[in-house]
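Welcome! Have a look at the sequence and the 3D structure below, and then let's walk through some of the details together.

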Amino acid sequence: MTSFPLDCRLLFESHPLPMWVYDVETLGFLAVNDAAVLQYGYTRDEFLAMTIKDIRPPEDVPALLAVVADLGDGSHVAGPWRHRRKDGTVFEAEVASQAVSWGGRRARLVVGQDVTGRTRVQQSLLAHEERYRTILATIEEGYYEVDLAGKLTFANDALARILGHPAAEVIGLEHWQYTDLDNAQRVFEAFNRVYTTGQPARAQAWEIIRKDGSRRAVEASIQLVHGPMGEPVGFRGIVRDVTQRQRIEQALRESEVHYRSLVEHAPFGIYRTTVEGGFVAVNPALVEMLGYDSADELLAADLAADIYLDPSERARRIGDYRRTQSLRNVETRWKRKDGTPIWVRLNGRGVWDAEGNLEGFEVIVEDVTERRALEDQLRLTQRLEAVGRLAGGVAHDFGNLITAIVGYCDLVLRALAPDDPRRADIEEIRKTAQRGGTLTRQLLAYSRRQVLAPQVLDLHEVLADMGNLLRQALGEDVRLVAASQPGVAVVRADRGGLEQVLMNLALNARDAMPRGGRLTLEISRVTLDAAYGRLHANLPPGDYALLAVSDTGIGMDAETRSHAFEPFFTTKPLGQGTGLGLATVYGIVKQSGGYIWVYSEPGLGTTFKIYLPLASGEPTAAGPRAGEEAPAVRGSETILLVEDEPAVRAPVKELLEDAGFRVLEAADARAALALVERDPDLAIHVLVTDVVMPGMKGHELAQRFRERRPGALVLFTSGYSPQALAGELPPGAAFLAKPFTPEALARKVRELLDRPPA
């Protein structure tokens, strides 16, 4: 099968007989000439929307399909066939066809002849013979006819020019007269193959010697010619001078060497594909990027099915390109050979054929997975930071409310008799408020404003101490597997905070395994490099203690993972969980100077990895988890209580007075200083002040107060942690976190008063 010569278009369009080209696969018309339009009555556009079945009576179509299926790549003459015009009239036709290539498609060129009135057709042929000869005389390709011995019996002017002979000298030449011995042998063998097989030959290449001795490279087609009785009588074909083309091809080959060197060594992936998605060419960078073993292996892959994470995405991209004619900075999801998803950026162009049809694409690929991960991590961090600031503010204000509610409950309970039926309701209110205090502490933990007491701890010992408690929390359906060694992972952190992290992650895993499963806790020491750190929240390189918590539960998709650490986000049904468990874990880890990362896929379970900086020193032994209830606190000293929230100040004052203390109160710093200055001799033993107040802050008040009462003690209170109040608290200052109970405040005051002088 050969390509349909572009220069034969004029001959095709001007031919007196109906001619058309159809697609072998679809049977659709690809081109028709004017004679076909006239013969069948369809317009050219109508023809191009039809198939060759449409010009046959329906009952003849099965026989047509059977013949078409057996044609192969050779020529074929058949008839008479019944053909049908647009107006429905049927006539007999004889057709001859030849396999050709049309725009990269397998096609056949067909000449149809109406033999209903053969005499009329013959007269028409005679009438057009001069026109035919004129066409042969004007085309650039040489046309020849030879007898069985290889002697030229007809040649057009173009063939004479190619051979370098005057037209009058061409007729009668034999091939050995214009070739050397080697090429003469090749010509003979080519003609002999056509004679023996009956199959035409396409693009037979050899070299001829012109009359002036110069050499030219030519390509020729060869077709066997039959006589009236079907006997072979000679050959005919087209000869094309390809000398200049070969020179251009040689130059292109040399240029291609330089081009290939550039492509082969490019740091970005480069490929060429067909519209259907088959790879035509790939460079080594793309092979490495996608994790294939060789270029041949990648060339066998399908772009949509094997490379795109979502196969339908490629079709959408092609649709976008057809509309915009642009393929610039397009980011999409691909996958490596092992299935690992990656983000890539595509820049390229479409490749079009001579007819303006899109043949394929040439594209440069950049792996932007790392950049996208950094951007996603930055957005997540910014979102969590913003939510954290909001949560911290809410927790601070909420802490004041809880302190007030608990204080008033205590006042009411003290006023009620032990058998008063209203005590149960008040105690329930107090319990509910205390649960609200737990919620406040969780919000503070998320916003990294929780009060922590860091100490040197061995993670192995923390995990060992919690083993039984974790097993009880998980239940019988979940098997707990722990892997750790003493001394491997020593960190500086708050023991209660780490216990809260372990418990929250265990409960989260239990809820993710409703039918049971396995929870694995692994503690190890790891060394992280800069590349890993860039992909994981800019985690600095170095040595870390790794706590990995893995379950075999239902897993999370990408959308759920992106919100996992946000407060109040939960996938549980309404009323089951507050959505603060993972948010609390996140806050404690970050406040401890660590990093947390979650890996999860639907149906494949979840792994949380927590990285904590290693610490030096001897681990601190665990203290008792719970002690007996502390005895009631009593005192007679004078306390100056400075609190801008009246609902907190009033019950605290009353309960402290019930404990025997003398309490002076002030709504802000200025009122407190005015009270002190009114009576310079007034003995004030302890100043209890909120850190964050309108106007003058607590540390400024403390400084001015101590200038007036050098021996007095100061206790700071706040809903924020000391770490979050950096710059607002003097070093080593006594501190009590909100929400607190009046008893806790009294105990802290007593502790401060009984402390030996520094």
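**A briefing on this protein chain**

Glu637 and Arg750 form a salt bridge, with their closest N and O atoms 3.0 Å apart; the term means a side-chain nitrogen of Lys or Arg within 4 Å of a carboxyl oxygen of Asp or Glu. This pair links distant parts of the chain, 113 residues apart: Glu637 sits in the loop between strand E23 (606-613) and strand E24 (638-642), and Arg750 sits in helix H24 (residues 742-754). Both Glu637 and Arg750 are buried, where buried means under 20% relative accessible area, exposed means over 50%, and partly exposed is in between (1.4 Å probe, protein chains only).

This is a predicted model, in which local features need pLDDT of at least 70, side-chain atom pairs count only at pLDDT 80 or more, and totals for chains, interfaces and linings use all residues. Residues are numbered from 1 along each chain as its sequence is written, and side-chain values use heavy atoms, with hydrogens and water left out.

**The chain as a whole**

- The protein chain has 24 helices and 28 strands; helices (H or I, at least four residues) and strands (E, at least two) are DSSP runs, numbered from the N terminus.
- Of its 758 residues, 45% count as buried.
- Among contacts in the protein chain with a separation of 6 or more, 59% are between residues 24 or more positions apart; a contact means heavy atoms within 4.5 Å.

**More salt bridges**

- How many salt bridges does the rule give? The count comes to 35.
- Arg317 and Glu313 form one of them, with the closest N and O atoms 2.7 Å apart.
- Because Arg317 and Glu313 are 4 residues apart in helix H13 (residues 312-324), about one helical turn separates them.
- Is Glu313 buried or exposed? Glu313 counts as buried, because its relative accessibility is 14%.
- Arg317 has a relative accessibility of 24%, so Arg317 counts as partly exposed.
- Asp310, Glu313, Arg316 and Arg317 are linked in a network of salt bridges.
- Another salt bridge joins Arg345 to Glu331, the closest N and O atoms being 3.5 Å apart.
- This pair, too, links distant parts of the chain, with Arg345 in strand E15 (residues 341-352) and Glu331 in strand E14 (residues 327-335), 14 residues apart.
- Arg345 is partly exposed at 21% relative accessibility, and Glu331 is partly exposed at 22%.

**Nonpolar cores and a surface patch**

- The largest nonpolar core has 40 residues, and those touching the most other members are Leu470, Leu498, Leu505, Leu519, Ile596, Phe608 and Ile610; a nonpolar core is a set of buried Ala, Val, Leu, Ile, Met, Phe, Trp, Tyr and Cys residues joined through side-chain atoms within 4.5 Å.
- A second, separate core has 26 residues, including Val275, Met289, Leu298 and Leu327.
- Which residues does Ile596 contact, leaving aside neighbours within four places in sequence? The answer is Phe565, Val585, Tyr586, Val589, Phe608, Lys609 and Ile610.
- On the surface, Leu401, Ile405 and Ile429 form a nonpolar patch with about 250 Å² of accessible area together; patches are made of residues with over 30% relative accessible area and no salt bridge, where like charges are joined within 9 Å and nonpolar side chains (Val, Leu, Ile, Met, Phe, Trp, Tyr) within 5 Å.
- Ile429 lies in helix H15 (residues 423-446) and is partly exposed, with a relative accessible area of 41%.

**Polar contacts**

- The side chain of Arg108 makes a polar contact with the side chain of Ser97 (3.2 Å); such a contact is a pair of N or O atoms within 3.5 Å, where within protein one must be able to donate a hydrogen and the other to accept it, and residues adjacent in sequence count only if both atoms are side-chain atoms.
- Arg108 belongs to strand E6 (residues 105-114) and is buried, with a relative accessible area of 1%.
- In helix H19 (residues 558-563) we find Thr560, whose side chain makes a polar contact with that of Asp557 (2.8 Å).
- Thr560 counts as buried, because its relative accessibility is 17%.

Conventions. Accessible areas come from the Shrake-Rupley method with a 1.4 Å probe; for residues, only the protein chains shown count as cover.
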